[in-house]
Amino acid sequence: MVNNISFTRAETCMVMEPRHSNIMGNVHGGELMNLMDNTAGITAFKHCKGDAVTARVDEIVFLKPIHIGDIVTCVGQLTYVGRSSMQIMVSIYVNDFSSDVMPEASLKAFFTMVHIVDGVPTQVPRLVPKTPEEHALYALGEKKYLEIKAKY
Ligand SMILES: CC(C)(COP(=O)(O)OP(=O)(O)OC[C@H]1O[C@@H](n2cnc3c(N)ncnc32)[C@H](O)[C@@H]1OP(=O)(O)O)[C@@H](O)C(=O)NCCC(=O)NCCS
């Protein structure tokens, strides 16, 4: 089986509420990481049509603070798949309703999710990049996958 990268894209929108706050009054980093993990899980589910566990999170970068009252969009996008693993780029954007321009991401990370059936890592469908942007992401994902493989 084969999926297009765009088919597996997942988006979650949320209002940041006082319960998401850290002691400084900004949004707690752990709340954002929870949102990212859930979005990565949905992206993985769309691709493999089954369970997946988080095996790894790389390069999590908090670029800008997020505030209580902000409406955020978390986007998960597959970049590359191995045999049983799926690499997913997850970004969080703060919506700016005064502009049509997509804001820069406030937070980014790469998740590796592994498809599990009966407790065993299991083959996932192949992934097909179509647009030039998807081809660039796929090449980046393959490079990261091979770098991580070389470490183990
Ligand atoms: C992820 C896990 C299933 C991998 O098990 P494993 O015995 O190493 O399995 P394998 O060696 O067959 O590897 C399976 C895939 O995971 C990848 N993988 C394993 N460890 C990895 C790591 N640390 N980083 C990135 N990828 C990893 C392998 O490269 C392989 O990918 P591929 O099939 O696409 O080539 C296992 O380590 C695990 O269950 N971890 C805990 C997951 C968890 O509880 N997450 C939190 C809650 S969801």
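A residue counts as exposed when its relative accessible area is over 50%, and as buried when that area is under 20%. Values in between count as partly exposed. Asp118 has a relative accessible area of 77%, so Asp118 is exposed. The model described here is predicted.

Asp118 is found in the loop between β6 and β7, the latter spanning residues 120-121. Its backbone also deserves a note. Most residues other than glycine have a negative phi. The phi of Asp118, however, is positive, near 50°. Glu59 is a further case, with a positive phi near 55°. Glu59 is placed in strand β3, whereas Asp118 is in a loop. The relative accessibility of Glu59 is 47%, so Glu59 counts as partly exposed.

Glu59 also takes part in a salt bridge. Its side chain meets that of Lys144, with N and O 2.5 Å apart. Glu59 lies in strand β3 and Lys144 in helix α2, so the pair ties together parts that are 85 residues apart in sequence.

Five salt bridges are present in the structure. The pair of Glu59 and Lys144 is one of them. Another joins the side chains of Glu11 and Arg9, at 3.0 Å from N to O. Glu11 has a relative accessible area of 48%, so Glu11 is partly exposed. Arg9 is partly exposed as well, with a value of 34%. A further salt bridge links Arg19 and Glu17. Here the closest N and O atoms are 2.9 Å apart. Arg19 counts as exposed because its relative accessibility is 60%. Glu17, at 33%, counts as partly exposed.

Strand β3 covers residues 52-62, and Ala52 is found in it. Ala52 has a relative accessibility of 27% and therefore counts as partly exposed. Beyond its neighbours within four places in sequence, Ala52 is in contact with Ala44, Met86, Met113, Val114, His115 and Ile116. Ala52 and His20 are 32 residues apart in sequence. In space, their C-alpha atoms are 26 Å apart.

The most is given by β3, with three residues. Met33 is placed in helix α1, which runs through residues 29-48. Met33 has a relative accessible area of 38%, so Met33 is partly exposed.

The largest pocket was examined next. About 300 Å³ of space lies in this pocket. Its lining is made of 16 residues. Nearest the centre of the pocket lie Ser85, Thr112, Tyr145, Ile148 and Lys149. At least two residues each come from β3, β4 (71-81), β5 (85-94), β6 (107-117) and α2 (132-151).

How values were computed. Residues numbered from 1 in each chain as written. Predicted model: local features only at pLDDT ≥ 70, side-chain atom pairs only at ≥ 80, totals over all residues. Heavy atoms only, no water. Helix = DSSP H or I, 4+ residues; strand = E, 2+ residues; numbered from the N terminus. Buried < 20%, exposed > 50% of the residue type's maximum accessible area, 1.4 Å probe, protein only. Contact = heavy atoms within 4.5 Å. 1 Å grid on protein atoms, 1.4 Å probe; cavity = no way out; pocket = protein on both sides within 12 Å on 5 of 7 lines; lining within 4 Å. Points joined across faces, edges and corners; volume = space filled by probe spheres on them. Salt bridge = Lys/Arg side-chain N within 4 Å of Asp/Glu carboxyl O.
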